[in-house]
Amino acid sequence: MTHTATATTDDTSRAAPARRRGRTAIELLSSMRFAIALLTVICIASVIGTVIKQHEPASNYVNQFGPFWAELFLALKLNAVYSAWWFLLILAFLVISTSLCVLRNAPKFLADVRSYKENIREGSLKAFHHKAEGDLGGTPAAEAERIGRTLAASGWKVRLQERDTPNGKGWMVAAKAGAANKIGYIAAHSAIVLICLGGLLDGDLFVRAMTWLGGKSVYAGSGLVSEVTAEHRLPATNPAFRGNLVVGEGTSSSTAILSQSDGVLLQELPFAVELKKFIVEYYSTGMPKLFASEIVIHDKTTGETQEARVEVNHPASYKGVQIYQSSFDDGGSSVKLLALPMNGTGDSFEVNGQIGGSAQLTDGDEKMTLEFTGLRVINVENMTDDSQGVDVRKVDLTQALNERLGAADKTTRQVDLRNVGPSVTYKLRDPAGQAREFHNYQLPMDAGDGAPVFLLGVRNSPAEAFRYLRLPADDEGSIQGFIRLRTALADPVQRSRAVRRYVAKAVDPARPEMAEQLTQSAERALGLFAGAEEINGAKTGGLQAVSDFMETAVPKEERERAADVLLRILNGSLYELNALVREENSQKPLSTDDESTRRYMTLAVLALSDVGLYPAPVVLQLQDFTQVQASVFQVARAPGKNVVYLGCLLLIVGIFAMLYIRERRFWVWLAPEETGSHATMALSSNRKTLDADREFEQLQHKLLQSP
């Protein structure tokens with residue numbers, strides 16, 4: 001028996017520390033400081049998620065922050081904060097902490113709400129800040145009945161208690177008001193639980209669970225959606241998801257794309273969405289004012305169909321899945337492009353393709369892949385003078401501040417929005433797989449000085465902005481005049497003919513000895529400009545070649561005068577070369593007295609100087625297209641939405657109750673006396689305000705006056 005008792009005592013002693021540790025852990029989890037710490041971390045994470053763009057390609061973070069910080073951000077999942085495991089874990093702990101806090105305190109609050117605290121002692125009433133005494137003419141019972149009726153008529157809840165005293169029967173009148181203040185505390189804390197729980201339900205919690213426990217994995221490759229295997233597809237029974245669905249006109253789709261930090265997941269839908277027609281309306285400025293999609297929903301199980309119209313802020317709903325109008329894209333438009341030689345050799349040719357498709361091009365022995373990536377029918381640009389020629393190195397703090405003021409910024413800015421017409425985007429990929437992206441406008445636009453130019457954009461990666469080469473439009477608004485001039489500049493025979501025409505006009509017939517010297521200078525200038533002559537062992541071409549020649553062949557003190565002469569010769573020769581090309585094309589030469597001719601030739605000289613830097617042998621100009629629109633929908637199943645709505649409602653009610661409802665307790669002790677009764681009254685309030693002072697004065701005046 002002694003041995004058994006000892007064993008039981010040892011077990012109890014070992015269990016006691018474990019229970020204490022458990023109580024300590026629960027107290028920590030349910031404490032205010034733990035919840036505030038979690039909220040602080042969530043706020044910091046939300047700021048990070050706002051400042052750092054989410055779900056961007058890894059190369060974008062490398063370009064913006066550098067390799068070290070980009071690697072750190074990706075390791076900490078700062079590129080996908082709201083779906084990171086640690087963020088979801090913090091939300092879960094906040095739910096647990098707030099739930100424990102509510103469970104620990106709600107019973108005490110509810111009990112306090114139900115209690116009138118009528119058992120308070122008479123001596124305790126004299127310790128309150130608001131207290132008063134007075135004699136009443138009626139008996140304690142009669143006065144208690146009168147005071148109770150008066151308080152009840154003023155909205156107080158009243159309870160009467162009879163007590164024995166040495167002098168007879170005394171009565172305690174206990175009243176309370178504003179008990180909803182305590183309910184507000186419970187409602188506000190319960191709201192935090194519901195909102196966080198709804199956030200967990202509508203977040204990536206279920207998607208994460210399927211990738212961790214359900215055998216699903218993120219797809220990081222490329223290709224057709226139909227070729228993606230089942231391990232990268234989530235079932236239609238997934239209780240919560242949010243993804244994008246791209247549907248072209250006349251086609252249907254039932255697979256949404258869920259973007260992840262390291263790839264995508266495919267979400268199967270219980271229905272297919274068919275896009276009958278995509279509607280887009282524009283303002284007079286060319287800015288879109290309405291996106292709408294006329295769709296047909298095909299149920300996979302029953303075969304039923306349902307027509308719907310989806311607009312921005314007016315989603316459609318089917319089987320718990322919301323279909324939102326997100327944006328629009330190209331749905332496989334057909335384009336006809338004209339390939340024009342940029343290196344001065346070869347002939348032009350047509351290329352037909354479809355956006356999203358590809359074609360093969362040949363440049364000598366090198367084969368390139370042409371990828372049709374985008375067609376924009378409308379391009380709205382700000383054509384004000386201050387929108388061009390901006391010095392990117394200039395830091396204007398006032399402008400930076402005004403850009404962030406939003407509606408508070410009352411600064412008026414001149415804006416001239418214009419639709420500059422269609423544009424096409426494509427990529428040229430070399431055999432090594434390296435690609436450059438090109439963006440060309442179909443129509444010329446004003447360069448700011450009245451001279452129309454074609455803009456040819458190029459960039460090496462999506463992280464860069466397009467850099468544009470400006471080619472002047474001829475008098476027919478075409479790019480062909482410049483291309484013919486470029487081809488003629490690369491032809492030695494044409495250059496010689498242009499030089500002879502220039503010399504014949506420039507040399508006085510009375511001084512034939514100057515013809516040979518001017519011919520040599522003109523041929524040298526055109527040859528240098530065309531890149532046909534080597535300078536310092538390289539054929540650079542353009543104005544840079546002319547500059548290099550002046551530095552190597554002309555003494556320093558004579559360079560300025562020689563450069564002026566050489567440029568006049570170059571401009572005159574190029575004008576004759578352009579006139580020669582126009583005559584061969586059955587066109588009249590441009591008039592030398594026309595200001596538009598001078599503007600065109602100035603832009604042509606600059607473009608010819610820079611065209612050698614264009615990183616492609618051809619430029620593809622948009623000739624014609626047949627547009628096929630595609631609508632981009634956001635499809636979402638959000639079971640936590642109603643939970644969040646309920647949480648928001650409770651939060652509003654709770655905060656209103658805590659801030660605007662004062663909890664008050666009021667007691668009146670009526671002790672018997674020979675001539676009536678003696679009243680001792682006190683008021684307590686959860687907040688010391690002037691209202692409490694005034695209310696007590698009113699109660700004192702009303703209740704201590706015998707009828």
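Predicted model: local features only at pLDDT ≥ 70, side-chain atom pairs only at ≥ 80, totals over all residues.

Student: Which residues lie nearest the centre of the second largest pocket?

Tutor: His55, Asp202, Gly203, Asp204 and Arg242 do, out of 22 lining residues. Helix H5 (85-114), helix H8 (180-202), E5 and E6 each put at least two residues into that lining. By residue class, the lining splits into nine nonpolar, 10 polar and three charged.

Student: What volume does the largest pocket have?

Tutor: The largest pocket comes to about 1,600 Å³. It has 49 lining residues, and the closest to its centre are Val246, Ile257, Asp329, Asp330 and Gly356.

Student: Which strands supply at least two residues each to the lining of the largest pocket?

Tutor: The strands that do so are E5 (241-248), E6 (252-260), E7 (263-282), E11 (321-330), E15 (366-376) and E16 (380-382). E15 has the largest share, with six residues. The lining as a whole divides into 22 nonpolar, 22 polar and five charged residues.

Student: How should I think about looking for enclosed space?

Tutor: Rolling a probe the size of a water molecule over the atoms shows where empty space is left. Here, searching the whole structure turns up one cavity of 30 Å³ or more. The space in this largest cavity is about 50 Å³.

Student: Which residues line the largest cavity?

Tutor: Its lining is made of Asp474, Gly481, Arg484, Asn578, Val581, Arg582, Gln587 and Tyr600. Helix H11 (480-489) and helix H15 (559-584) are the elements giving two or more residues to it, and H15 gives the most, with three. Sorted by class, the lining has two nonpolar, three polar and three charged residues.

Student: On to sheets. What should I keep in mind about a strand?

Tutor: In a regular strand the side chains alternate between the two faces of the sheet. For a case here, take the open sheet of five strands, ordered E1-E26-E25-E3-E2 with antiparallel pairing. Strand E1 (130-136) and strand E2 (157-165) are at the edges with a single partner strand each, so one side of each has no neighbour in the sheet. From one strand to the next, the twist averages 15°.

Student: How many bridges pair E25 with E26?

Tutor: There are 10 bridges between strand E25 (residues 664-673) and strand E26 (residues 676-685), in the antiparallel sense. As one example of a bridge partner, tryptophan 669 has threonine 680 in E26. Helix H18 (residues 690-703) packs on this sheet and touches E1, E25 and E26, with a direction at about 165° to that of E26.

Student: Which strands does H7 lie across?

Tutor: Helix H7 (residues 140-153) lies across E1, E2, strand E3 (168-177), E25 and E26, and runs at about 10° to E3.

Student: And the pair E8 and E9: how many bridges join them?

Tutor: Seven bridges join strand E8 (residues 288-299) to strand E9 (residues 305-311), and the two run antiparallel. Valine 296 has glutamate 307 in E9 as its bridge partner. The hairpin of E8 and E9 has five residues between the strands, and glycine 303 there takes a positive phi near 80°.

Student: Let's finish with arginine 208. Is it buried or exposed?

Tutor: Arginine 208 counts as buried because its relative accessibility is 15%, and the cut-off for buried is under 20%. It is found in helix H9 (residues 205-213). Setting aside neighbours within four places in sequence, arginine 208 is in contact with Ser83, Ala84 and Leu88.

Terms used: Residues numbered from 1 in each chain as written. Heavy atoms only, no water. Pairing = 2+ DSSP bridges. Helix = DSSP H or I, 4+ residues; strand = E, 2+ residues; numbered from the N terminus. Axes fitted to C-alpha atoms, helices over the stretch in contact; angles between N-to-C directions. Contact = heavy atoms within 4.5 Å. 1 Å grid on protein atoms, 1.4 Å probe; cavity = no way out; pocket = protein on both sides within 12 Å on 5 of 7 lines; lining within 4 Å. Points joined across faces, edges and corners; volume = space filled by probe spheres on them. Nonpolar A, V, L, I, M, F, W, Y, C, P; charged D, E, K, R; others polar. Buried < 20%, exposed > 50% of the residue type's maximum accessible area, 1.4 Å probe, protein only.
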